[in-house]
Structure formats: structure tokens, C-alpha cells
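Subject: Structure handover

Dear colleague,

Please find the structure below. My notes on what was found in it follow.

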Amino acid sequence: MPPMPDRQAVEVDGHRLVLVNLDRLLFPVSGHTKAQLLHYYAQVAEVLLPHATGRPASFVRAPDGPGGQTWYAKRPPPGLPDWVTLAEVPGSEGPAPHVVVDSTAALMAMANLAAFEVHVPQWTARTGPDGHDRLVLDLDPGPGADLVLCCTVAQRLRQMLADDGLTAYPVSSGSKGLHLYAPLEPAPERAVSGYARSLAQRMQAEHPGLVTASMDRSIRPGKVFIDWSQNATHKTTACPYTLRLHERPRVAAPVGWDEIAGCAAPERLVLSPEQVVERVARLGDPLAELAARTHAAPLPR
């Protein structure tokens with residue numbers, strides 16, 4: 001089999017892209033090259049885009065993979081094609097442009113510029129920062145805790161959300177923990193963050209030995225931190241199906257509640273790009289209802 005060329009011109013969504021550095025080894029431990037990451041995004045774009053479209057995105061850029069220089073980027077990078085959609089986002093220094101990943105071509109263009117992780121807020125450019133349409137809870141295990149404990153906490157949070165009329169959807173973060181999403185009728189940031197914080201505090205009061213809602217890192221050992229602050233307007237969360245940059249590439253991957261209930265070891269829910277592609281081919285998108293806002297509900301008082 002002939003070697004992969006280092007650059008290749010392709011047409012995506014009617015746009016011409018010149019993909020470069022295709023044979024660059026980004027993950028020496030697993031052997032993944034840039035070409036393989038681009039191929040992953042081409043395969044999952046259909047299920048990723050509904051969770052990113054309309055949301056001003058930020059990115060983790062890593063031209064040489066996780067072992068090289070990495071940085072979190074909000075502004076459109078140099079070399080971005082002029083056909084990529086931009087949205088103005090309010091900021092302390094005035095409105096600033098952000099990329100909107102609303103097509104396979106845009107996703108591939110950003111990955112071609114080494115923007116491998118896609119992060120999005122819980123509001124869209126259409127609703128604006130005061131119209132949050134998703135709640136997110138980031139379950140982050142402290143030292144001595146793990147993803148299995150996160151699964152235990154997630155099941156109780158699912159019930160608490162259901163009691164408040166909200167439907168929870170779990171996503172393995174691609175790092176150490178879990179993300180729980182719930183679609184909302186658009187609500188102001190203050191109300192969504194306030195509800196998320198109160199929910200985390202209720203969970204902490206119910207299980208003080210397992211859970212903390214505090215930002216104080218000194219009390220996190222052995223517990224799951226429920227990060228409710230991800231609902232702030234200026235914050236973003238790893239988009240479902242985005243790659244995550246670790247020693248080996250991982251994915252922020254939707255998982256089933258049956259998998260949450262049966263998780264006996266963290267590695268069961270830490271998924272590689274190849275595993276996610278196989279799951280999508282077999283299951284489709286378990287988060288399709290979240291993207292379609294099928295069960296969007298008003299924020300509880």
C-alpha cells in the first residue's frame with residue numbers, strides 16, 4: 001500500500017480544502033496521525049454537527065499533538081477560509097468573532113488547522129447569552145474517586161432531574177468523568193446556573209461523603225465534584241463527539257444509561273475514535289433527542 005501523501009486537496013460541502021501534514025504522528029503511544037483524526041471527524045460529522053451548529057465555538061489547538069504546545073483558542077485562527085461561519089460574542093472588550101461549526105467543511109477546516117477539540121456553550125448565537133437552552137453538569141472525580149463513582153452519582157442526579165421535569169442525557173467526557181445534559185426552554189444564565197448550583201448542593205446534602213458542590217479543591221479527595229459553573233455564559237463544555245487530547249486520543253462520547261448502571265471499571269466508558277465510529281454505525285446518535293430538543297422543558301423554580 002503506497003504511503004499517504006503529506007498534503008491532499010479535497011472537496012467538502014462544495015468547498016476546496018488542502019489538507020496538510022497528514023502523515024504527522026500526533027500520538028506516539030497509539031500511533032495516530034493527523035490523517036486519522038481528520039478521517040474520524042469526516043466519519044462522525046453527521047452526528048457531531050447537531051450539537052455544535054449555531055453555537056459559538058472555542059477550540060484546543062495542538063499542532064504537534066498533546067505532547068507539544070497546546071492552547072485554548074477562542075478567536076478564529078489565521079488561515080481560516082472566508083466561507084466559515086462566524087458569530088459575534090459579547091465580551092468585556094466588546095463583541096468578538098467566534099467560529100461556528102455548522103458544516104462538515106467547517107469541522108474539517110478547523111481540524112486541518114490543528115484545532116482538534118471543539119468546545120461549545122449552552123446557548124446559541126440565535127438565542128444569545130440570556131437564552132440558555134441546555135443545562136450541563138460536569139461530574140469530575142477528585143483524587144481517589146473515579147468514573148465508576150461518577151456513574152453512581154449520575155444515576156441519582158438523573159432521578160432528581162426527572163423529579164423536576166427534566167430529561168438527562170449522559171456523555172463520557174473523554175477525560176475522567178461524565179457530562180449530564182438536559183434540554184431546556186431558553187432561560188437566562190442566572191436562572192440556569194442558580195438551579196444547577198442548587199441541584200449540586202442538594203446532592204451534596206444527601207450524600208456528603210460522596211459528592212461536593214464546592215470549588216474548594218482541598219475537599220475533593222474521594223468525592224465527585226459536581227461542576228455546576230459550566231452553565232455560565234462565558235464557559236464552554238467539550239462538544240459531544242469531539243476528540244480529547246490525552247496520551248491516546250479519546251472522545252467525548254454519548255453512553256447509555258444501561259452502560260452507566262453496569263459500569264464496573266472506568267475503562268469501559270473511555271472510548272477511542274475507532275470505538276465511537278463503530279458505535280455510531282451501530283447505534284446512530286443516542287443524543288439525537290437532545291439535539292432535537294424533543295424533551296425541552298421549562299427550568300424548575
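Does His179 count as buried or exposed? At 5% relative accessibility, His179 is classed as buried (buried is under 20% relative accessible area, exposed over 50%, partly exposed in between, with a 1.4 Å probe and protein chains only).

On the basis of these notes: this is a predicted model, in which local features need pLDDT of at least 70 and side-chain atom pairs count only at pLDDT 80 or more, while totals for chains, interfaces and linings use all residues. Residues are numbered from 1 along each chain as its sequence is written, and side-chain values use heavy atoms, with hydrogens and water left out.

His179 sits in strand β12 (residues 178-187); strands (E, at least two residues) and helices (H or I, at least four) are DSSP runs, numbered from the N terminus. Not counting residues up to four places away in sequence, His179 touches Val136, Leu137, Asp138, Tyr169, Pro170, Val171, Ser173, Thr237 and Ala238 (contact means heavy atoms within 4.5 Å).

Cores. The largest nonpolar core has 85 residues, a core being a set of buried Ala, Val, Leu, Ile, Met, Phe, Trp, Tyr and Cys residues joined through side-chain atoms within 4.5 Å. Helix α1 (residues 34-52) contributes the most to this core, 11 residues. Apart from it lies another core, of eight residues, including Tyr169 and Ala238. Tyr41 and Leu139 are among the residues with the most contacts inside the largest core. Beyond its neighbours within four places in sequence, Leu139 has contacts that include Cys150, Leu157, Leu180 and Phe225.

Helix packing. The axes of α1 and helix α2 (residues 104-112) come within 9 Å and cross at roughly 150° (axes are lines fitted to C-alpha atoms, for helices over the stretch in contact, and angles run from 0 to 180 degrees between N-to-C directions). The two helices α1 and α2 are therefore roughly antiparallel (angles over 145 degrees; under 35 is roughly parallel, 65 to 115 roughly perpendicular and the rest oblique). Among the residues making this contact are Tyr41 and Leu48 of α1 and Leu107 and Met108 of α2.

Helix α3 (residues 147-163) packs on helix α4 (residues 189-206) at about 125°, with the axes 11 Å apart, so α3 and α4 are oblique to each other. In α3, Val153, Arg156, Leu157, Met160 and Leu161 meet Tyr195, Leu199, Arg202, Met203 and Glu206 in α4.

Strands β1 (residues 7-12) and β2 (residues 15-20) run antiparallel and are joined by six bridges (strands pair if DSSP finds at least two bridges between them). Gln8 has Leu19 as its bridge partner in β2. Two residues lie between the strands, and Asp13 takes a positive phi near 55°.

Regards
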